[in-house]
Amino acid sequence: MITRRAAGAAIAAAAVAGLASGCLSSTPSTSSNNGAAASGAGKSTVEVMYGFSNEQETAFQKDVNKYAQSIGVTVKFTKAGSWDTEINARVSGGTPPDVGLFPQPGLMCDLAKQQKLIPYDDATVSTDKETLVNGFVDAGTCADGKVYGLPSSVSVKSLLWYDQAAFKAGGYTVPTTLDELTSLTDKIRGEGKTPWCIAAESGQATGWPITDWIEDLVLRYAGPDNYDKWVKGELKFNSPEIKPAFDYFQKIAFTDGNVRGGTKAIVATNFQTGGNGLFTQPPGCYLFKQATFIAAKGGFPDNVVANLDKTVGVTAFPAKTAGDNPVEAGGDLAAAFNNDANVLKIRNFIASKDNGTEVGKAGYFSPHKTFDASLYPNNTIRTIATDVLYKASVARFDGSDLMPAKVGAGTFWTEPVKWISGQEDETTMLDNIDKSFPKTSS
């Protein structure tokens with residue numbers, strides 16, 4: 001869905017284009033789930049399907065074409081305007097692409113369960129694991145324990161934004177722990193200023209920005225293992241492990257004077273422009289939590305984006321314990337539908353540390369810690385890469401994207417909106433989400 005793709009985008013514009021569907025090459029797909037090494041010469045044309053566009057799409061094609069030409073393969077690129085709908089239609093119609101880049105691991109694992117995808121071989125996984133940020137292999141591992149997807153590019157969600165000049169004028173120090181974040185919030189409010197801009201309005205998808213807040217806090221309070229249990233429904237929202245995340249958010253968002261416009265304004269404030277109060281005179285707020293896309297056109301004001309490095313400060317969303325910095329991320333997982341030698345070569349290259357030079361120059365993050373950060377186009381992106389993503393203690397994909405849609409794109413959005421609006425209390429909100437969680441899911 002558009003909003004979730006936007007949230008996952010890097011510092012570049014995002015747009016959605018139409019479908020170029022249909023099958024591709026003269027060689028029909030031969031999906032298999034045995035994971036055995038492909039034999040034979042391989043297809044001369046390989047179709048790669050994805051859901052991203054604009055600068056990312058152009059750069060991705062350059063990177064992949066360069067490699068494909070080196071092995072004598074032609075790549076047909078197919079852009080899906082609505083990924084879930086179109087990939088499901090292609091698969092159900094018996095004409096899947098050769099390689100798909102999945103923004104949501106849950107759908108990918110659903111297709112793996114149906115034996116529509118080819119798992120990675122152990123040697124490739126082992127090689128990629130050496131340079132990937134810790135946790136990204138887990139994101140592509142499905143219920144049978146096999147790895148079906150590895151990331152080609154990622155976005156970073158665990159970020160705290162501020163205005164450099166306003167922070168300096170206030171004499172504030174960037175917080176590194178949640179306790180320090182609480183103290184800074186109290187200090188700013190105590191000076192008669194408003195600490196936070198928090199924004200969750202997104203049309204029919206209103207509420208999803210709150211899920212990013214909660215997911216980051218669950219990673220910090222409950223840890224990555226419990227995070228995994230939570231997204232699978234093995235830990236309840238109102239469990240002792242998960243509830244502290246909501247409690248911390250409540251302390252920040254519900255305290256009088258903490259949020260620009262007041263608590264109830266959160267759900268009426270647009271997620272794309274809700275942080276612009278950082279840059280008003282006097283500042284409308286001093287802190288804003290959002291993913292990388294916010295520092296692009298359509299997010300922060302144009303004059304701020306044009307002077308990003310000198311205006312905007314960014315740091316990792318604080319850890320619970322100093323030095324333990326989990327990162328919530330989005331991204332695209334490369335998976336193969338066809339057990340063909342050249343298909344697997346293209347898939348493996350897309351997921352490798354050797355891919356992404358042009359994509360990096362366009363402002364999208366490589367998931368590999370060995371990527372040359374000097375290629376990123378500005379200091380803001382380099383800071384996010386080197387100080388946040390590549391220093392992460394562990395990474396996890398967006399939890400709501402991993403949950404069943406009834407929860408992840410349903411009650412996890414709508415119930416917190418009711419809570420923030422004062423229509424129900426925290427306990428009722430958590431219980432209602434738990435009641436909505438399907439009894440069995442994968």
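Before I turn to the model, a word on angles between axes: those under 35 degrees count as roughly parallel, those over 145 as roughly antiparallel, those from 65 to 115 as roughly perpendicular, and the rest as oblique. What we have here is a predicted model, in which local features need pLDDT of at least 70 and side-chain atom pairs count only at pLDDT 80 or more, while totals for chains, interfaces and linings use all residues. Residues are numbered from 1 along each chain as its sequence is written, and side-chain values use heavy atoms, with hydrogens and water left out.

Let me start with strand β9, which covers residues 326–336; helices (H or I, at least four residues) and strands (E, at least two) are DSSP runs, numbered from the N terminus. How many residues of β9 are buried? The count is 11 of its 11 residues, where buried means under 20% relative accessible area, exposed means over 50%, and partly exposed lies in between, with a 1.4 Å probe and protein chains only. In a regular strand the side chains alternate between the two faces of the sheet. For β9, one side carries Pro326, Glu328, Gly330, Asp332, Ala334 and Ala336, the other carries Val327, Ala329, Gly331, Leu333 and Ala335, and both faces are covered.

Now to the partners of β9, bearing in mind that two strands pair if DSSP finds at least two bridges between them. Strand β3 (residues 99–102) runs antiparallel to β9 and is joined to it by 4 bridges, with Phe102 standing opposite Leu333. Strand β4 (residues 150–156) is also antiparallel to β9, through 6 bridges, and there Val156 faces Ala329. Strand β10 (residues 394–397), by contrast, runs parallel to β9, with 4 bridges between them; Pro326 has Val394 as its bridge partner, and Glu328 has Arg396. Within β10, Val394 and Arg396 point one way while Ala395 and Phe397 point the other, and all are buried.

In the loop between β8 (312–316) and β9 we find Ala319, which is buried, with a relative accessible area of 0%. Contact means heavy atoms within 4.5 Å, and, leaving aside neighbours within four places in sequence, Ala319 is in contact with Thr176, Thr177, Leu178, Arg220, Asp324 and Asn325.

Moving on, Met403 sits in the loop between α17 (399–402) and α18, and Met403 is buried too, at a relative accessible area of 4%. Not counting residues up to four places away in sequence, Met403 touches Trp230, Val231, Phe237, Gly408, Phe412 and Phe437. The C-alpha atoms of Met403 and Gly106 are 7.4 Å apart, although 297 residues separate the two along the chain.

Finally, how do helix α18 (residues 405–420) and helix α19 (residues 426–436) pack? Their axes lie 9 Å apart at an angle of about 165°, and the two helices are therefore roughly antiparallel to each other. On the α18 side, the residues that meet α19 are Lys406, Val407, Thr411, Phe412, Glu415, Pro416 and Trp419, and on the α19 side they are Glu426, Met429, Asn432, Ile433 and Ser436. By class, this contact has 6 nonpolar, 3 polar and 3 charged residues.

Technical notes: Axes fitted to C-alpha atoms, helices over the stretch in contact; angles between N-to-C directions. Nonpolar A, V, L, I, M, F, W, Y, C, P; charged D, E, K, R; others polar.
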